[in-house]
Amino acid sequence: MLFPPRYARWVFAVLMSIYMVTLMTFVITWVNTGLAEGFMGRWWRAFYIAWPIAFLLILIGAPQLQKVTAKLIKTPEK
């Protein structure tokens with residue numbers, strides 16, 4: 001184990017935000033500008049702008065969304 005359990009929320013937010021922002025900024029940059037010269041620079045700029053925003057949104061929003069999800073999921077009857 002690399003991190004104590006008390007950091008689970010932070011580790012999740014970092015990993016989820018990196019995963020989502022990497023893929024989303026890549027695809028959106030590709031769709032908008034193509035894989036032309038300078039693509040990696042444009043993608044990196046989009047990434048470093050979007051990542052802190054995504055991280056904070058996940059950190060703040062994930063607990064509330066998990067509660068909403070739990071209410072929307074039907075538990076099996078025994």
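Among contacts in the protein between residues at least 6 apart in sequence, what percentage join residues at least 24 apart? The share is 60%, where a contact means heavy atoms within 4.5 Å. The structure is a predicted model, in which local features need pLDDT of at least 70 and side-chain atom pairs count only at pLDDT 80 or more, whereas totals for chains, interfaces and linings use all residues. Residues are numbered from 1 along each chain as its sequence is written, and side-chain values use heavy atoms, with hydrogens and water left out.

The protein contains 2 helices and 0 strands, assigned as DSSP runs (helices H or I, at least four residues; strands E, at least two) and numbered from the N terminus. Its radius of gyration, taken over C-alpha atoms, is 17 Å, well over the 12 Å given for 78 residues by the globule rule (2.2 Å times the number of residues to the power 0.38), so the protein is more spread out than a compact globule. The C-alpha trace spans about 60 × 30 × 20 Å along its principal axes.

Of the 78 residues, 18% count as buried, that is, under 20% relative accessible area, with exposed meaning over 50% and partly exposed in between (1.4 Å probe, protein chains only). V27, which lies in helix α1 (residues 8-33), is partly exposed, with a relative accessible area of 40%. T29, also placed in helix α1, counts as buried at 9% relative accessibility; not counting residues up to four places away in sequence, T29 touches G34, F39, R42, W43 and A46.
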